[in-house]
Amino acid sequence: MSSIAIAHDNHSHFDHELLPGLDKQQIRFADIEPLIKRVQRSDIITTEQVGSSYEERPIYRFKVGSGDTVVFMWSQMHGNESTATPALFDLMHKIETDEKWREHWAGEITLYMLPMLNPDGAERAQRYNVQGIDVNRDARALQTPEGKILMEQGKTLKPDFGFNLHDQSRYYEVAHTGKPATISLLAPAFNEAKDINDSRERAMQLIGDMKIVGDALIPGHMGRYNDTFAPRAFGDNFSKMGISTILVESGAFPNDPNRQKAREVNVAMLVKALESIANKDYEKQTLKPYHSIPMNNSNSFKDVIFDQVKVQDGGHNYLIDIGFNRSGSGAETTGYIREVGDLEPFPAFDRYDGSNYVYAPGRAYKIPSEGLKLSHHEYLDLVRQGYSHFVGDAEALNVRTHLPVAVNPRNLPGSRPQQRDNATFLLMQQNEVAVAVLSGVVLQLR
């Protein structure tokens, strides 16, 4: 087993063991199947298959405890939102191995957990299910088998508390602090007016207790999600059904591409929530801690910003900041320019002083008819000569580098970089290539 270390001794109460093998950006059914089989042998946790996905992958529900208060947790209804699924198995591991802690609440609570509601989407690393439907927008129409299963669980279990576990974009910022929102919380509205009834108030009070964990583990990296009523969404409909619903959105943390910090905080918050529910500690909370959580600032972060790059376009000379985002990793990386202009207000995961650079579009290298073996060293030599991409027969190019290689790319920037252009361009210094941006990957050449 492995665990993420907590920096300060007073955080040790929130330091929980994380299972190995799940430190990944994308979790698929094959990743959790061995864990499911292990839990199926448990004397403490009961396993039940409650249905199947559109492509007949099994969907399991796990149960522990015998109390009158019913708590229901579910994850990965969006297939590409993986963080909370490992966290639920981490929680099950703690339940099985920490007898003293379990006995503290198991007589007060009956806990149900449903990890990976959308295994077909998880297999494809996509938000939607295999029908192309967003399961979290199917709470009314119920045209997806996954949505039907979740609604049936809500109506059958009649949970007092529901935990709706998601991932959010890494570009969310906590207010205007320059910090990414690693965890965002919300007690969803049950009507357009965003009224607060008893069940929503309980959710807000419980979030007030969960906030203690975030303040300790990720100070300054916790935000509050927008509470505009979404009539098709499960969280809002469960809230409308009288379930005290807590939305947990996992986001980015610096130098943590697989969101293991958010996973750690998920586990700690769920542990804290079970303790608070069992002890009724949340009843002592006012709504002040909930409302003190700063609002998210959506789509604020950029992956990379180059500040004050000079553009020389005919007779025009001007300075711009260039901000771009990217997806994938290694040779599969793609990137696009998110915005150009004055980007000083925006935070970035990587920020560079571009004041000594002159922007230049890269040149195209024609692939020879006899083919080309492109080693890493040869690729760098071509980039230094000003080539940023290739044109011609893609099958004649034998790529042997870990860097992304653009072949016959679309939307390349011209003499003036534009929003939505491919993030493939050069930055020059004294007429030599100093920096190459290749599909969003920054390559320092000087």
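The following questions and answers go through a predicted model, residue by residue. In this predicted model, local features need pLDDT of at least 70 and side-chain atom pairs count only at pLDDT 80 or more, while totals for chains, interfaces and linings use all residues. Residues are numbered from 1 along each chain as its sequence is written, and side-chain values use heavy atoms, with hydrogens and water left out.

Visitor: What pLDDT does the protein average?
Guide: pLDDT is the predictor's confidence in each residue, from 0 to 100. Of the residues, 97% score at least 70. Over residues 1-10 the pLDDT is below 50. The protein's average is 95.

Visitor: Which residue of β19 is the bridge partner of S375?
Guide: Two strands pair if DSSP finds at least two bridges between them. β17 and β19 (residues 397-400) run parallel and are joined by four bridges. In β19, the partner of S375 is R400.

Visitor: How far from E249 is the nearest side chain of opposite charge?
Guide: E249 sits in strand β9, residues 244-250. A salt bridge needs a side-chain nitrogen of Lys or Arg within 4 Å of a carboxyl oxygen of Asp or Glu; Lys and Arg count as positive, Asp and Glu as negative, and His and the chain ends are not counted. E249 is buried and has no salt bridge. The nearest side chain of opposite charge, R259, is away by 7.1 Å.

Visitor: Is H221 buried or exposed?
Guide: H221 lies in the loop between α6 (198-217) and β8 (222-224), where α6 is a helix, a DSSP run of H or I with at least four residues. Contact means heavy atoms within 4.5 Å, and leaving aside neighbours within four places in sequence, H221 is in contact with residues including V174, F253 and P254. Because its relative accessibility is 9%, H221 counts as buried.

Visitor: How far apart in space are M428 and R124, C-alpha to C-alpha?
Guide: M428 is in strand β20, residues 425-429. Its relative accessibility is 18%, so M428 counts as buried. M428 and R124 are 304 residues apart in sequence, and their C-alpha to C-alpha distance is 40 Å.

Notes: Helices (H or I, at least four residues) and strands (E, at least two) are DSSP runs, numbered from the N terminus. Buried means under 20% relative accessible area, exposed over 50%, partly exposed in between (1.4 Å probe, protein chains only).
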